[in-house]
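Keep the picture open as you read, and look up each spot as we reach it.

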Amino acid sequence: LAHQDVVPVIPGTETDWEQPPFDGVVADGFVWGRGALDDKMSITSELEAIELFAAKGEKPKRTVYLFMGHDEEIGGEQGAHFGAALLKERGVEAEFVLDEGMAILEGVMPGIEKPIGLIGVAEKGYASLSMEVEAEGGHSSQPPRETAIGILANAVRKVEGNPMPAGIAGPARDLFDALGPEMPFGMRLVLANLWLTAPLVQAQLGGAPEINALLRTTTAPTLFNAGIKDNVLPIRASAVINFRLLPGDTIASVTAHVKRVVNDERVIVSVMQGAKEPSAVSPSDSDAFGVIAKTIREIMPGAVIAPGLVLGGTDSRHFEIVSPNVLRFGPERLSSEDLKRIHGTNERIGVEDYVRMIRFFHRLLENVAM
């Protein structure tokens with residue numbers, strides 16, 4: 001899988017780019033532009049790999065489907081949703097599905113110098129909850145003891161101050177199990193005994209936002225609206241809190257948690273449109289995971305392979321109806337600085353990394369279909 005659509009460039013930031021964001025300039029060893037990392041490079045490298053076989057007159061022994069969606073950035077409901085449904089209708093049972101999601105990371109995990117090939121075995125769910133409070137309006141010179149804004153602000157504070165519980169389980173546990181042997185002795189000892197040390201690891205690592213997001217359903221207030229004038233009491237106040245759901249949590253369980261924490265009948269909590277449950281967790285001991293890991297090692301010798309959890313969303317969730325092995329990986333090398341470029345300014349991919357992507361997909365097809 002890959003997707004054709006891209007996120008926009010924030011108006012007014014175009015001049016912050018070293019190269020024009022939509023010109024596709026190749027300069028200084030990079031391909032520059034919006035979509036270079038997300039996700040045009042997957043489309044073109046997959047097609048290049050196919051063409052290498054076609055140019056030699058070679059045909060795969062197994063059927064290979066390529067799906068290039070047009071609306072992944074807004075959920076894939078008009079693209080991947082119907083593509084997967086069509087395959088299901090035709091009776092297709094895929095050995096595995098491979099989409100974007102994770103990559104080869106370098107210098108991201110403290111204590112590990114080797115490149116880490118993370119293969120996403122699941123992705124988090126998505127739910128935004130609306131909280132609304134209605135109250136009597138009036139003049140600000142005669143305020144009641146609690147205003148709509150005050151009631152709502154207190155509710156938001158409660159939710160933010162009482163996040164969903166964290167734990168080292170599922171994909172996070174598998175990740176630590178895979179990376180533990182590659183870490184310095186002290187951390188290796190701790191990770192080898194998570195049955196005892198999990199609370200310590202959670203306390204030490206959970207402060208980093210990227211690790212915290214692996215361990216729990218995250219809570220992020222994103223919108224707050226109230227009032228029309230500085231001397232008028234608002235009759236309505238509303239807020240939106242966005243949750244990224246860990247596999248094992250559900251939209252219903254998160255909603256129940258919020259209502260229990262707020263504990264105020266004046267605050268109306270509702271699930272907004274577009275909510276999605278977490279994906280299923282694909283097995284990391286499958287032949288499908290194994291052949292992708294093998295291919296990574298062939299094009300990136302010495303890489304450490306580990307299962308991972310995709311924090312965002314991809315088109316791949318729609319294809320669970322045609323395969324139990326839905327995996328998320330692209331062979332681009334990314335540093336911490338590169339990760340900031342995805343959906344950000346100066347998005348780019350190294351020419352060498354792009355060539356490696358072509359080699360990866362070509363080799364993967366050799367391993368599974370030729």
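## Before we start

One thing to keep in mind: this is a predicted model.

## Helix 1 meets helix 11

Start with helix 1, which covers residues 40-55, and helix 11, which covers residues 351-368. Their axes come within 8 Å and cross at roughly 50°. What do we call that arrangement, parallel or oblique? Angles from 65 to 115 degrees would count as roughly perpendicular and those under 35 as roughly parallel, so helix 1 and helix 11 are oblique to each other. Their crossing is right-handed.

Who does the touching? On the helix 1 side you'll find Met 41, Ser 42, Thr 44, Ser 45, Glu 46, Glu 48, Ala 49, Ile 50, Leu 52 and Phe 53. Helix 11 answers with Tyr 354, Met 357, Ile 358, Phe 361, His 362, Leu 365 and Glu 366. Sort the residues of this contact by class and you get 10 nonpolar, 4 polar and 3 charged.

## Helix 3 meets helix 8

The crossing of helix 3 and helix 8 is right-handed.

The contact uses Ala 155, Lys 158 and Val 159 from helix 3, plus Val 258, Val 261 and Val 262 from helix 8. How many nonpolar, polar and charged residues does the contact of helix 3 with helix 8 have? It has 5 nonpolar, no polar and 1 charged.

## Helix 4 meets helix 6

Helix 4 (residues 170-179) and helix 6 (residues 194-205) pack with their axes 13 Å apart, at an angle of about 100°.

By class, the contact of helix 4 with helix 6 has 4 nonpolar, no polar and 2 charged residues.

Is Ser 128 buried or exposed? Its relative accessibility is 11%, and the cut-off for buried is under 20%, so Ser 128 counts as buried. You'll find Ser 128 in strand 8, which runs over residues 125-134. Its side chain makes a polar contact with the side chain of Asn 242, at 2.9 Å. Setting aside residues up to four places away in sequence, Ser 128 touches Val 240, Ile 241, Asn 242, Ser 270, Val 271 and Met 272.

Now look at Ser 286, in the loop between strand 13 (268-271) and helix 9 (287-299). Ser 286 has a relative accessible area of 15%, so it is buried. Its side chain reaches the backbone oxygen of Pro 283 at 3.4 Å.

Most residues other than glycine have a negative phi, and most peptide bonds are trans. With that in mind, take Asp 28: its phi is positive, near 55°. Asp 28 belongs to the loop between strand 2 and strand 3, and with 65% relative accessibility it counts as exposed. Asn 263 has a positive phi too, near 50°. It lies in the loop between helix 8 and strand 13, and it counts as exposed at 66% relative accessibility.

Which two residues does a cis peptide bond join? They are Asp 38 and Asp 39, and omega there is about 15°. Asp 39 is in the loop between strand 3 (30-32) and helix 1.

## One last stop: Ala 27

Ala 27 sits in strand 2, residues 26-27. Beyond its neighbours within four places in sequence, Ala 27 is in contact with Gln 19 and Trp 32. For a sense of scale, compare the position of Ala 169, 142 residues away from Ala 27 along the chain: the C-alpha atoms of the two are separated by 44 Å.

Terms used: Residues are numbered from 1 along each chain as its sequence is written. This is a predicted model: local features need pLDDT of at least 70, side-chain atom pairs count only at pLDDT 80 or more; totals for chains, interfaces and linings use all residues. Side-chain values use heavy atoms; hydrogens and water are left out. Helices (H or I, at least four residues) and strands (E, at least two) are DSSP runs, numbered from the N terminus. Buried means under 20% relative accessible area, exposed over 50%, partly exposed in between (1.4 Å probe, protein chains only). A polar contact is a pair of N or O atoms within 3.5 Å; within protein, one must be able to donate a hydrogen and the other to accept it, and residues adjacent in sequence count only if both atoms are side-chain atoms. A crossing is left-handed if the near helix is turned anticlockwise from the far one by less than a right angle, and right-handed if clockwise. Contact means heavy atoms within 4.5 Å. Ala, Val, Leu, Ile, Met, Phe, Trp, Tyr, Cys and Pro count as nonpolar, Asp, Glu, Lys and Arg as charged, and the others, Gly among them, as polar. Axes are lines fitted to C-alpha atoms, for helices over the stretch in contact, and angles run from 0 to 180 degrees between N-to-C directions. Angles under 35 degrees count as roughly parallel, over 145 as roughly antiparallel, 65 to 115 as roughly perpendicular and the rest as oblique.
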